[in-house]
Amino acid sequence: MIIDIVTIFPEMFDGPMSTSMVGLAREKGLLDLRLHDPRDHTEDRHRSTDDYPYGGGPGMVMKPEPVIRAVRAVRASDAAPATVVFLTPGGEPFTQRMAEEFSRLPRLALVCGRYEGFDERSLAHADREVSIGDFVLTGGELAAMVVTDAVIRLVPGVLGHEGSALDESFADSLLEYPQYTRPAEFEGARVPDVLLSGDHAKIAAYRRRQAIIKTARVRPDLLAGADLTDEERTLVARVLEGSEDR
Ligand code: ADE
């Protein structure tokens, strides 16, 4: 997969995009990460990419010309057709479902804003506008890294163990069940006996119950999308009214 990043701070990507899974995906040739600097598409001596907002107000706005030219250059390049995503707090919320959708694309272009955001005319060149959460970052770069990380781990061959992307938080509108590894006891805290039992049906039932309890406690909003049995709905109701402990 090709991921293009349009950013005036390409150096921010050096460490995070060369380490761990993303770095490995690049080494394996599963990710072709391409950085593009809008400053290369400026014409003034200072290579400026920001300017004062029309109508007044605080901060600076990202100029349209360098951004639009950089996006155009990405779209025009020979490789696969790119889906162009602008990162902005005003975009649609990034979700696991969106990560899955993006992971099936041949090419994803992530456009990072700085300052108070993009000129509205730049946004006309987006296929999607995406936010990674209800908070404001100083720029879209960290958001682009978050999206890249969440997407690339879903590309077949990137994770050693393909199942690990399926059986995890959000896969079924549920948070992930608790995980344990050795030792079986640490400072008096024991791993639940059922996980040591070797009884796979019991383990699966335990994990599903724990996932439902955790989701009901922490993210009850997710349960609207979960496929629950009547018995599981009763469990949710009991957690919500505080009568279910474990
Ligand atoms: N740029 C600034 N804040 C952002 C956010 N929350 N998501 C995506 N891009 C951003």
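Student: At what angle do helix α3 and helix α5 pack?

Tutor: In this predicted model, α3 spans residues 96-103 and α5 spans residues 141-152. Their axes lie 8 Å apart. Angles from 65 to 115 degrees count as roughly perpendicular, so α3 is roughly perpendicular to α5. The packing angle is about 70°.

Student: How many residues of the contact of α3 with α5 are nonpolar?

Tutor: On the α3 side, the contact involves Ala99, Phe102 and Ser103. These residues meet Val147, Ala150 and Val151 in α5. The contact holds no charged residue and 1 polar residue, and the number of nonpolar residues is 5.

Student: Which element supplies the largest share of the largest nonpolar core?

Tutor: The largest nonpolar core has 29 residues, and Phe94, Phe102 and Leu110 have the most contacts inside it. At least two residues come from each of β1 (2-6), α1 (20-27), β5 (83-93), α3, β6 (107-112) and α5. In soluble globular proteins, nonpolar side chains tend to be buried together. The largest share here, 7 residues, belongs to α5.

Student: Which residues of α5 does Phe102 contact?

Tutor: Neighbours within four places in sequence are set aside here. Phe102 is then in contact with Met1, Val85, Phe94, Leu108, Arg128 and Val130, among others.

Student: Which strands stand at the edges of the open sheet?

Tutor: The sheet has 5 strands in the order β2-β1-β6-β5-β7, with parallel pairing. Neighbouring strands are turned by 30° against each other on average, direction ignored. Each edge strand has a single partner, so one side of it is left without a neighbour in the sheet. The edge strands are β2 (32-36) and β7 (128-131).

Student: What is the relative accessible area of Ser18?

Tutor: Ser18 lies in the loop between β1 and α1. Not counting residues up to four places away in sequence, Ser18 touches Phe13, Gly23 and Arg26. Ser18 is partly exposed, with a relative accessible area of 46%.

Notes:
Residues numbered from 1 in each chain as written. Predicted model: local features only at pLDDT ≥ 70, side-chain atom pairs only at ≥ 80, totals over all residues. Heavy atoms only, no water. Axes fitted to C-alpha atoms, helices over the stretch in contact; angles between N-to-C directions. Helix = DSSP H or I, 4+ residues; strand = E, 2+ residues; numbered from the N terminus. Parallel < 35°, antiparallel > 145°, perpendicular 65-115°, else oblique. Contact = heavy atoms within 4.5 Å. Nonpolar A, V, L, I, M, F, W, Y, C, P; charged D, E, K, R; others polar. Core = buried A, V, L, I, M, F, W, Y, C linked by side-chain atoms within 4.5 Å. Buried < 20%, exposed > 50% of the residue type's maximum accessible area, 1.4 Å probe, protein only. Pairing = 2+ DSSP bridges.
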